[in-house]
Every structure is written in C-alpha cells, then in structure tokens.
Amino acid sequence: MAIITITRQVAALGDEIAKAAAEKLGYSFYTRKQIEDRIVELGFPAEKLAKYDERKPGFFASLSKGRDEYLNYLQYAVIEAAQKGNCILIGRGAFVILENLPNLIPLRFIAKEEIRIERLMKEFNWNEKQAKQRIDESAANRSGFHKSFFNVDDRDPEHFMLTINTGIFSVEDAANQIETLAKNVITAEKEDLGKKRLTNMLKAQELVNRLLFEYKININFLHASLDDESKIVTLQGVADSQAIVDRAVTVACKIIPDYTIKSAISVVQDFKTYQ
C-alpha cells in the first residue's frame, strides 16, 4: 500500500499523470473536486472555500477562525483518503500532512515555462500574455498556500522523493516511473507501519475536530499527537484560560477513554482571532 502525493506547477500535466498512474496501479485517484466536496461534507461552508483552497489567505482571512477550521477539515479529508490505502492525492499540501508516513511517495511535476505557456495557449485558446499571467498567479497562490498553512516551500526538492520534468517525459513515461517506485520502494514493513500511523493520525484529527466543532471548545491551533504504544494523547494549542484547557482534557477523556490525555496547551490571556 503506497500513498502517492503529487505537487505540480500549473500545466505540468499533474492530473493527467495521476490518472494514468492510478490506472496502471489500480489505485484510487482523489481529484481536487473530491477533496473539496469532502471538506464541505465534513462541515466547512462551501462559500468560504475560495478564501483558502490552495491559495494564500488574505490578511484578515489568515487571522480568522475560518483558516484553522479549513485546515482541520482539510487534514481530516486527506488523512481519511490516505487511510483507505493505494491512492494518489494531488495538491492541497498532502505531501506535508502525510510527510511522516514510511509508505509515502511524494512527487513533484515541473516543466519549463515556455512549454507550460504553449500548453495553456493550446488548451484555452489564450494568447501568450494570458497564459503567462495564469502561470504567475498559480505559482503565487500555491507558494502562499503552503507557506501560510504549513510554513514550507513547495518548490523545495527536499520534500520530494522524485521530481519529474514533464517537458522531457511523456504522461506514459512518468506513469511508468511512478508504477516502478510504488512496486519496488514500498516494502511490506513500510506498508504495515504506514497503516498504523494513519489510523493514529485519523483518530487524533477526529478528536481535534470533535473538540472544536462538536463541543465548541475555543482553543486556537489545536493539535493532538497520539502514541498508540503508550496510550497517551498530547494536546497542543493556545487558549485564553486554564478553565478551557481543563474542559478540553475532560472532554477528550470521554471521547477516547482508553487513552491518557496530557495537555501542552499554552494559556495566553486575551489571545484573540477574528471570527
């Protein structure tokens, strides 16, 4: 069971290669639309997606609770899809969300700008200026999204197992390389460990979402780390009173009674975010 994530420049054939590789491997390919739909199904308002979805939030949006709400639903949707196994996820910072999985194959697709301009001109019947503008806007949005939500540079090669230049390799060639990686790099041991980590990650994210959205506990940047061996869950974040922290721990104990709940939540009085 390999989990493949794809990060791509616009017009670098990311969707085309993902679809071809999924067909070769018999994997599920989660499109942008499917992840968006799942985020909305989980509870995020559809009308707010455009503020955050693979773009840098505006100044006030970046300070609002909506930012954290979007991120928590996004992380749940990505982890949930990955837990089903044998899948390809494109964009949405999936390579960061899943980066500690031993069975992860993170890929990046690029091509020279002139090649991508030519592709956009052909696909949309645009002129060169329009195509160049689309490339610049997309690069700025994707860079801002990854920096704002994950504090990473999506162009940094250290995050990826392989970067493929689609100006050199065809869709078929790239799909063949991905098939080879999935079949030869991911061992049974890595698969087993990956499954266990994904189960814990999903359980931890579900706890966070229930505390925030079901119980309405006001903790900013809430994150849970779950250790299945020690049966300890550690909560992190920022609250403006100890009473809120205590309530979070009490409720978490009820949600997952088989675990010991520890708090590493910082108490900062008068800490505010915009609604």
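Reader: Is Arg 32 buried, partly exposed or exposed?

Author: Arg 32 counts as partly exposed, at 40% relative accessibility, where buried means under 20% relative accessible area, exposed over 50% and partly exposed in between, with a 1.4 Å probe and protein chains only. This is a predicted model, in which local features need pLDDT of at least 70 and side-chain atom pairs count only at pLDDT 80 or more, while totals for chains, interfaces and linings use all residues. Residues are numbered from 1 along each chain as its sequence is written, and side-chain values use heavy atoms, leaving out hydrogens and water.

Reader: Which side chain does Arg 32 meet in a salt bridge?

Author: Side chains of opposite charge can pair when their charged atoms come close. Here Arg 32 meets Glu 36 at 2.9 Å, N to O, a salt bridge being a side-chain nitrogen of Lys or Arg within 4 Å of a carboxyl oxygen of Asp or Glu. Glu 36 is buried, with a relative accessible area of 15%, and a network of salt bridges links Arg 32, Glu 36 and Arg 92.

Reader: Where do Glu 36 and Arg 32 lie relative to each other?

Author: Both belong to helix 2 (residues 32–42), 4 residues apart, and are therefore separated by about one helical turn; helices (H or I, at least four residues) are DSSP runs, numbered from the N terminus.

Reader: Which residue does Lys 132 meet in a salt bridge?

Author: Lys 132 meets Asp 136, at 2.8 Å from N to O, and these two are likewise 4 residues apart, in helix 8 (residues 128–150). Lys 132 is partly exposed at 30% relative accessibility, as is Asp 136 at 37%.
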